Amino acid sequence: MAGHDDSSVSEKKSNDISDLPTFNVENMQSNMKVIYYSRTFMSIIGGVIAGVLGFTSLMGFIFYFLVMAITSVGLAAKAGFSVHSYFDSWNRIILDGFLGGLMSFVLFWTFAYDMVHIF
Amino acid sequence: MAEDLVLDTAIRDWVLIPLSVVMVLIGVLRYFVSKLMRSSQTPDLKIVKEGQVIVRARNLRAAANFIPLKAFRARKAYFTNEENGLLHVPKGQAASNPQAQMFSDPNMAMDMMKKNLSMIIPQTLTFAWVNFFFSGFVAAKIPFPLTQRFRSMLQNGIDLSTVDVSYVSSRSWYFLNLFGLRGLFSLILGEENATDDTQRMMQMSGFGFDPSKSLGAEKDGLDIIQHDWAMPKFEQRAEAVLRKLVS
């Protein structure tokens, strides 16, 4: 599938003694795209899983947050836990694309839930 | 009042799946059509020049601390000099440029109209189709409960008021698809796809007014920057890095 787990997180320069944040904009953007693709893909898969397992209301949303947390941890691990050499702040990995994935999650959750349980 | 309605299997086969498939296909079709219809705009030389100047000024600002003070000042004067500096736009010319250009340029207006149309028409047609064929019955059950206020929005064709709000009509399935398939399209069609309307609107509004305002903004940015030459400290930084590598 195109863009699934695109594992080319590109390094950007960063200074640690003098605190000049130098970063390469193109690499940053490509990294952000990787995050976006990963989150979208995970939220779709998470939606299908939630629907198949029959989660309803609160449980489903908790599952969504769980999936997002797993994605964040996965991304951090891929970046070798040295987040500052790939992104400019922690917030990027953790919070970005959160709500964008929510709609896809709900769609596929509804779809799978209906397919399986009300078929 | 959570009675479990038993819904007909035929609804699954003939409503949910076809609707989703049709929406995905229409999205893909729209992407390719917009790609084909994109007229090759010969870009205006002046606009390209100004854009490049802005990029250079931005690079200068970002990397200001890597060049010595004199060099930075020379470059800064080149950009911000009052008479012939590149970023200095005479007042009269500034105001008239963007507006006039956007609306009297037939190419750009046609492009915007085409983009608008290619966005609106499929949505309208699909919505009308859904309304005509798939109204008046319960289509799906959303897995989470909503308050009564959403009832009128989600249960449009269903005229019973005791049915749980979770059971929605096909119109709401259409809207759910509309929003949820954006993520899927971005995965399937690569980065630049024409299905995200909010992004489009932001792009369109920021298009024509770029030249003169951002020139002034770049000039101000260059003016206020404080130069702090970082090179002397780099020897220590190199030493620290090498030390880490060796030890």
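## A first look at chains A and B

Over residues 120-144 of chain B, the chain is 56% helix and 16% strand, with the end C-alpha atoms 30 Å apart. That stretch is one of two in chain B, the other being residues 14-33, that UniProt lists as "transmembrane region" in an unreviewed entry. Keep in mind throughout that this is a predicted model. Its overall scores are ipTM 0.72 and pTM 0.70.

Let's stay with the UniProt record for a moment. For chain A, an unreviewed entry puts "transmembrane region" at residues 36-55, 61-81 and 93-113.

| Stretch | Helix | Strand | End C-alpha atoms apart |
|---|---|---|---|
| Residues 14-33 of chain B | 100% helix | 0% strand | 27 Å |
| Residues 120-144 of chain B | 56% helix | 16% strand | 30 Å |
| Residues 36-55 of chain A | 90% helix | 0% strand | 25 Å |
| Residues 61-81 of chain A | 86% helix | 0% strand | 27 Å |

**Inside chain A**

Now for how the helices pack. Two packed helices are described by the angle between their axes and the distance between the axes. In chain A, helix 1 covers residues 25-53 and helix 2 covers residues 57-78; the pair packs at an angle of about 145°, and their axes are 10 Å apart. The crossing of helix 1 of chain A past helix 2 of chain A is right-handed. On the helix 1 side, the contact is made by Ile35(A), Ser38(A), Arg39(A), Met42(A), Ser43(A), Gly46(A), Ile49(A) and Ala50(A). Helix 2 of chain A brings Phe63(A), Tyr64(A), Val67(A), Met68(A), Thr71(A), Ser72(A) and Leu75(A) to the contact. Sorted by class, the residues of this contact are nine nonpolar, five polar and one charged.

**Where the chains meet**

Helix 1 of chain A also packs against a helix of the other chain, namely helix 7 (residues 170-188) of chain B. Their axes come within 10 Å and cross at roughly 125°, which makes helix 1 of chain A oblique to helix 7 of chain B. This time the crossing is left-handed. Chain A's part of the contact is Tyr36(A), Tyr37(A), Thr40(A), Phe41(A) and Ile44(A), while chain B's helix 7 supplies Gly183(B), Leu184(B), Ser186(B) and Leu187(B).

**Inside chain B**

Chain B has a helix pair of its own to look at. Helix 2 (residues 45-62) and helix 3 (residues 69-80) of chain B pack at about 150°, their axes 11 Å apart. These two helices of chain B are therefore roughly antiparallel to each other, and they cross in a left-handed way. From helix 2 of chain B come Val53(B), Arg56(B), Ala57(B) and Leu60(B), and they meet Phe72(B), Arg75(B), Lys76(B), Tyr78(B) and Phe79(B) of helix 3 of chain B. Split by class, that's six nonpolar, no polar and three charged residues.

Where pLDDT is low, the predicted coordinates should not be read in detail. Chain A averages a pLDDT of 74, and 73% of its residues score at least 70. In chain A, helix 2 has the highest confidence, with a mean of 85, and helix 3 (residues 90-95) the lowest, with a mean of 70. The pLDDT is below 50 over residues 1-8 of chain A, a stretch with nine contacts in the model beyond near neighbours in sequence. Residues 13-20 of chain A also fall below 50, with 18 such contacts.

For chain B, the mean pLDDT is 72, and 72% of the residues reach 70 or more.

Conventions
Residues are numbered from 1 along each chain as its sequence is written. Chains are lettered from A and ligands numbered from 1 in the order in which they are written. This is a predicted model: local features need pLDDT of at least 70, side-chain atom pairs count only at pLDDT 80 or more; totals for chains, interfaces and linings use all residues. Side-chain values use heavy atoms; hydrogens and water are left out. Axes are lines fitted to C-alpha atoms, for helices over the stretch in contact, and angles run from 0 to 180 degrees between N-to-C directions. Helices (H or I, at least four residues) and strands (E, at least two) are DSSP runs, numbered from the N terminus. A crossing is left-handed if the near helix is turned anticlockwise from the far one by less than a right angle, and right-handed if clockwise. Contact means heavy atoms within 4.5 Å. Ala, Val, Leu, Ile, Met, Phe, Trp, Tyr, Cys and Pro count as nonpolar, Asp, Glu, Lys and Arg as charged, and the others, Gly among them, as polar. pLDDT is the predictor's confidence in each residue, from 0 to 100. Angles under 35 degrees count as roughly parallel, over 145 as roughly antiparallel, 65 to 115 as roughly perpendicular and the rest as oblique. UniProt positions are given in the numbering used here, feature names are shortened, and annotations may be inferred rather than shown by experiment.
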